[in-house]
Every structure is written in structure tokens, then in C-alpha cells.
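Hi,

Here is the structure I promised to send over. Have a look at it first, and then read my notes below.

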Amino acid sequence: TDRAQFAEAQQSLRAAVEPLPPWLMVEPNPRGWNAAQGLNHGLDQLDAEWLICVHQDVLFPADFWRRLTAGLRALPPDTALAGVVGCEANGRFRGHIVDPNGHCCWPPVPHRVLALDEVLIAVRRSSGLRFDESVPGFHCYGAALCFEAAQRGFGCAVVDAPLVHLSTGRLDAAYQRASRWLLDRYGPRHG
């Protein structure tokens, strides 16, 4: 939704990685898609072992790509999803990120988690996982994917590859609607 911000994100990665990995901008809004529909379109367009779904409002530090790829390579084969921030079933945060709240690190990292934050979600293509397109809007699609992975016997993990997230998001009515959808669908199973 913000091409200048998207270009800045790309440039920050290009500064550390040449050639730039295959990159696809997915714009859900002009096509009437929700986030899940847009991301599934992206999953269909790229062919790689891991597909990285990342927000546009990020900047990549110089060592990000090296740390991310090393972290992904080290994950066990049953790990289908990875990210930079997530939470365990008991609600404890795990991960490493810089955002408007500051430099946040919740060790140990890497670590298995129940759900990942949507700022970055890496999907192992061989898992066959897809984002649930019935999610309302642009919130909770990452948690829904993680819960689906758990139901299929796959793991989720955070790796130590911090990036800079320029936003903390908003807990508005759209977030409340998506949260209710998520709780109705997965709450009883995951507490």
C-alpha cells in the first residue's frame, strides 16, 4: 500500500544481498483480497524451499539475510513455519526485533513457538501449508497458519534474525473482529 516504503525495504536488503533474492510485491487491496488471499497468490508465484512473507514497513540490517538463511537451515525438518517473533502456548514471547518500542529480545532464540507475528513468516514450501482465506481482513492470518500447522503435526519456530519494524500496528475494530474469528475457530483447541 506504500510503494516508497516497499522500495526502501527492498533497498535495505539489496544493500546486503546481491543478487537480490526473487521478490514479489503482493497488493491485496486493489484486487479486493484479504491478507491471506494476497499471500497465497505470492506462494503460488515463487518457487523456493522457504518463502518469506514480510511486511512492507521493515528495514533489513546488514547481517539479516545471513542470519535468516542460517537459522532456517538449522531448523528440524518438521518445522514448517519460522519467524522473528512469536509466543509460546503459555503466552511467553520469544524472538528478536527492533521496533518503535525499542530493541526487543526474548531469549532463548531459536525456539519453538505456538504462533508467529506476521511481520515475517517463512513458509516451508514442502509443508503444503496455505493461509486461511476465510480470515477477516488483515489481522491474525499468521496465527491461523501456525495453528493449522500444529494440527498437521508441523512445528513453528523463531530464529535469531532481527529486523527493524517501523510500526507497532493498531488494535482497532478490524483487529477485534479477526481476533474473535481466531478465538472461535482455534481457541478451544489451543487455549
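The notes that follow go from the whole chain down to single residues.

Please keep in mind that this is a predicted model.

**The chain as a whole**

The protein chain contains 6 helices and 11 strands. Its C-alpha atoms fill a box of roughly 45 × 40 × 35 Å along the principal axes. A compact globule of 191 residues would have a radius of gyration near 16 Å, and the protein chain agrees with that at 16 Å. Of the 191 residues, 44% count as buried. There is also a lot of joining across the sequence: among contacts between residues at least 6 apart, 76% join residues at least 24 apart.

If you colour by secondary structure, look for an open sheet of 5 strands, in the order 1-9-3-10-7 and with mixed pairing. Strand 1 (50-54) and strand 7 (111-113) stand at its edges. Each of these two has a single partner strand, so one side of each is left without a neighbour in the sheet. On average, neighbouring strands here are turned by 30° against each other, direction ignored.

Within this sheet, strand 3 (residues 79-83) and strand 9 (residues 120-124) pair in the antiparallel sense, over 3 bridges. Helix 4 (residues 64-73) lies across strand 1, strand 3 and strand 9. Its direction is at about 130° to strand 1.

Next, a run of antiparallel strands. Strand 4 (residues 85-87) and strand 5 are joined by 3 bridges and run antiparallel, with Gly86 having Arg94 of strand 5 as its bridge partner. The hairpin of strand 4 and strand 5 has 5 residues between the strands, and there Gly91 takes a positive phi near 90°.

Strand 5 then pairs with strand 6 (residues 102-106), again antiparallel, through 5 bridges. Here Val98 has His103 of strand 6 as its bridge partner. Strand 5 and strand 6 form a hairpin too, with 2 residues between them. Strand 5 (residues 93-99) has 5 of its 7 residues buried, so it is largely enclosed by the rest of the structure.

**Two cis peptide bonds**

The loop between strand 6 and strand 7 deserves a look. Pro108 lies in that loop, and a cis peptide bond joins Pro107 to Pro108, with omega at about -5°. Pro110 lies in the loop between strand 6 and strand 7 as well. Val109 and Pro110 are also joined by a cis peptide bond, and omega is about 5° in that case.

Although Cys140 is not a glycine, it has a positive phi of about 70°. Its relative accessibility is 7%, so Cys140 counts as buried, the cut-off being under 20%.

Helix 5 (residues 141-151) has 8 of its 11 residues buried, so the rest of the structure largely encloses it. The buried ones are Tyr141, Gly142, Ala143, Ala144, Leu145, Cys146, Phe147 and Ala149. They pack against helix 3 (35-45), strand 3, strand 8 (115-116), strand 9, strand 10 (155-158) and helix 6. Just after helix 5, Gly153 takes a positive phi of about 85°.

What is the geometry between helix 5 and helix 6? Two packed helices are described by the angle between their axes and the distance between the axes. Helix 5 packs against helix 6 (residues 173-190) at an angle of about 30°, and the axes are 11 Å apart. The crossing of helix 5 past helix 6 is left-handed. On the helix 5 side, the contact is made by Ala143, Ala144, Phe147, Glu148, Ala150 and Gln151. Helix 6 brings Trp181, Leu182, Tyr186, Arg189 and His190 to this contact. By type, the residues of the contact divide into 7 nonpolar, 2 polar and 2 charged.

Happy to go through any of this with you at the screen.

Best wishes

Conventions
Residues are numbered from 1 along each chain as its sequence is written. This is a predicted model: local features need pLDDT of at least 70, side-chain atom pairs count only at pLDDT 80 or more; totals for chains, interfaces and linings use all residues. Side-chain values use heavy atoms; hydrogens and water are left out. Axes are lines fitted to C-alpha atoms, for helices over the stretch in contact, and angles run from 0 to 180 degrees between N-to-C directions. Helices (H or I, at least four residues) and strands (E, at least two) are DSSP runs, numbered from the N terminus. A crossing is left-handed if the near helix is turned anticlockwise from the far one by less than a right angle, and right-handed if clockwise. Contact means heavy atoms within 4.5 Å. Ala, Val, Leu, Ile, Met, Phe, Trp, Tyr, Cys and Pro count as nonpolar, Asp, Glu, Lys and Arg as charged, and the others, Gly among them, as polar. Two strands pair if DSSP finds at least two bridges between them. Buried means under 20% relative accessible area, exposed over 50%, partly exposed in between (1.4 Å probe, protein chains only). The radius of gyration is taken over C-alpha atoms; the globule rule is 2.2 Å times the number of residues to the power 0.38.
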